[in-house]
Amino acid sequence: MTMQPSLPPSVQVLVHDWLSANCVVTLDDDHEASVVDSGHLVRAEATVDGVRGALAGRRLSRVVNTHLHSDHCGGNAALQRAFGADRPCAILVPAGELQAVNDWDESGLSFVQTGQHTEAFRASSSYAAGDELRLGGLTWQAHAAPGHDDHALMLFQPDARILISGDALWEYGFGVLFPELLGGDGFGAQRRTLRCIERLDPLWVIPGHGPVFGDVASVLQRAHARLDMFEADTARHATHALRVLLKFHLLEQGRAVPRQQLWRWFETTSLVRDTLARHWPRQSPREAFEQTLDALLRAGAAVEHEHGVSDPDTSGGASG
Ligand SMILES: [Zn+2]
């Protein structure tokens with residue numbers, strides 16, 4: 001029997017699609033509210049509308065980011081503009097990325113390597129593992145969540161046993177282990193993060209993508225099995241990563257992209273190039289591209305028509 005998630009009324013989750021991370025709105029008191037993660041830039045308008053509805057007249061005082069991928073911080077600037085004309089909301093980022101954000105170092109933030117885009121913003125301060133944050137009238141502990149991202153943090157509320165997991169744990173899996181693609185220890189880090197979640201023993205998890213879920217023990221078991229599978233066959237993880245990166249790019253484009261243009265993106269994106277060089281040094285990049293795209297087409301994760309390739313849910317209109 002699956003139970004309906006029961007979150008405190010001061011914690012509201014705006015569940016978005018896979019391009020744009022979920023946005024958690026916490027009603028901190030009668031006057032102020034915070035947001036954890038702000039979605040992707042191309043969905044910023046919808047995020048602002050959703051947050052406006054949830055605020056119910058409160059002031060947005062803070063935006064907190066679990067990590068700084070384009071689908072988690074893309075609405076930061078738009079939220080600041082929409083709600084802070086006289087007194088802009090504070091933006092809190094993981095400590096390891098404060099400097100890169102405030103220098104707007106697109107390479108340090110990995111946007112250059114992943115070929116992704118977002119709108120620049122300035123952070124007011126940072127938080128780190130071991131810190132406590134007050135959100136929705138409750139105290140949340142920050143925990144390190146390396147694996148998907150070296151600097152990522154999760155937020156845990158020990159009384160209600162709620163975890164805001166970012167991309168460290170989804171109901172069916174977890175985000176690509178980017179540090180692994182770059183020669184770091186993504187598998188070991190992810191294992192430590194899953195063990196940390198095990199110890200915290202949450203009743204409910206608010207993931208970065210997908211609906212809130214319970215039955216966390218089963219979810220963790222599945223995540224461990226997935227991690228074991230990737231660790232035993234690192235090329236499988238790299239193949240998965242290439243598909244995710246290409247699919248994400250298609251979602252980000254939101255329109256049909258001619259195959260040749262898609263190939264240009266693939267061959268010039270440095271994380272793709274590095275992944276190919278590390279795992280398939282003898283294969284031609286063009287061949288790897290065709291295989292990656294064919295896998296998406298076969299799985300129905302992309303469609304091809306006269307105007308090019310697009311996500312099946314985006315209209316296949318002419319490319320701009
Ligand atoms: Zn992420």
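## Strand β2 and its partners

Strands β1 and β2 run antiparallel to each other and are paired over four bridges (two strands pair if DSSP finds at least two bridges between them; strands are DSSP runs of E with at least two residues, helices are runs of H or I with at least four, and both are numbered from the N terminus). Within this pairing, Val13 stands opposite Val24 in β2. The model is predicted: local features need pLDDT of at least 70, side-chain atom pairs count only at pLDDT 80 or more, and totals for chains, interfaces and linings use all residues. Residues are numbered from 1 along each chain as its sequence is written, and side-chain values use heavy atoms, with hydrogens and water left out.

Strand β2 (residues 23-27) also pairs with β3 (residues 32-36), again in the antiparallel sense and over four bridges. The two strands form a hairpin with four residues between them. Val25 has Val35 of β3 as its bridge partner, and Leu27 stands opposite Ala33 in β3. Five of the five residues of β2 are buried, so this strand is largely enclosed by the rest of the structure (buried means under 20% relative accessible area, exposed over 50%, and partly exposed in between, with a 1.4 Å probe and protein chains only). Both faces of β2 are covered, with Cys23, Val25 and Leu27 buried on one side and Val24 and Thr26 buried on the other.

## The sheet and its helices

The open sheet contains six strands in the order β1-β2-β3-β4-β5-β6, and its pairing is mixed. Its edge strands, each pairing on one side only, are β1 (11-14) and β6 (125-127). From one strand to the next, the twist averages 25° (axes are lines fitted to C-alpha atoms, for helices over the stretch in contact, and angles run from 0 to 180 degrees between N-to-C directions).

Helix α1 (residues 44-55) packs on the sheet and touches β1, β2, β3 and β4 (59-64), its direction making about 25° with that of β2; contact means heavy atoms within 4.5 Å. Helix α3 (residues 76-83) lies across β3, β4 and β5 (90-94) and runs at about 165° to β4.

## Nonpolar cores

In soluble globular proteins, nonpolar side chains tend to be buried together. The largest nonpolar core here has 28 residues, and those with the most contacts inside it are Val25, Val35, Val51, Leu60, Leu79 and Phe121 (such a core is a set of buried Ala, Val, Leu, Ile, Met, Phe, Trp, Tyr and Cys residues joined through side-chain atoms within 4.5 Å). Two or more residues each come from β2, β3, α1, β4, α3, β5 and α4 (98-102). Helix α1 gives the largest share, five residues.

Residues up to four places away in sequence aside, Leu79 touches Val35, Ser38, Thr47, Val48, Val51, Leu60, Val63 and Gly84. Another core, of 24 residues, lies apart from the largest one and includes Leu250, Trp263, Trp265 and Leu296.

## The zinc site

The zinc ion has His67 (NE2), His69 (ND1), His148 (NE2) and Asp167 (OD) as its protein donors, at 2.2 to 2.3 Å (donors are N, O and S atoms within 2.8 Å of the metal, or 3.2 Å for Na, K and Ca; water is not among the atoms, so sites may look incomplete). In sequence, the donor residues follow the spacing H-x1-H-x78-H-x18-D. Both His67 and His69 are buried.

The arrangement is irregular because the four donor atoms subtend angles of 85 to 173° around the zinc ion (four donors count as tetrahedral if all angles lie between 85 and 135 degrees; four count as square planar and six as octahedral if opposite donors are over 155 degrees apart and all others between 65 and 115; anything else is irregular).
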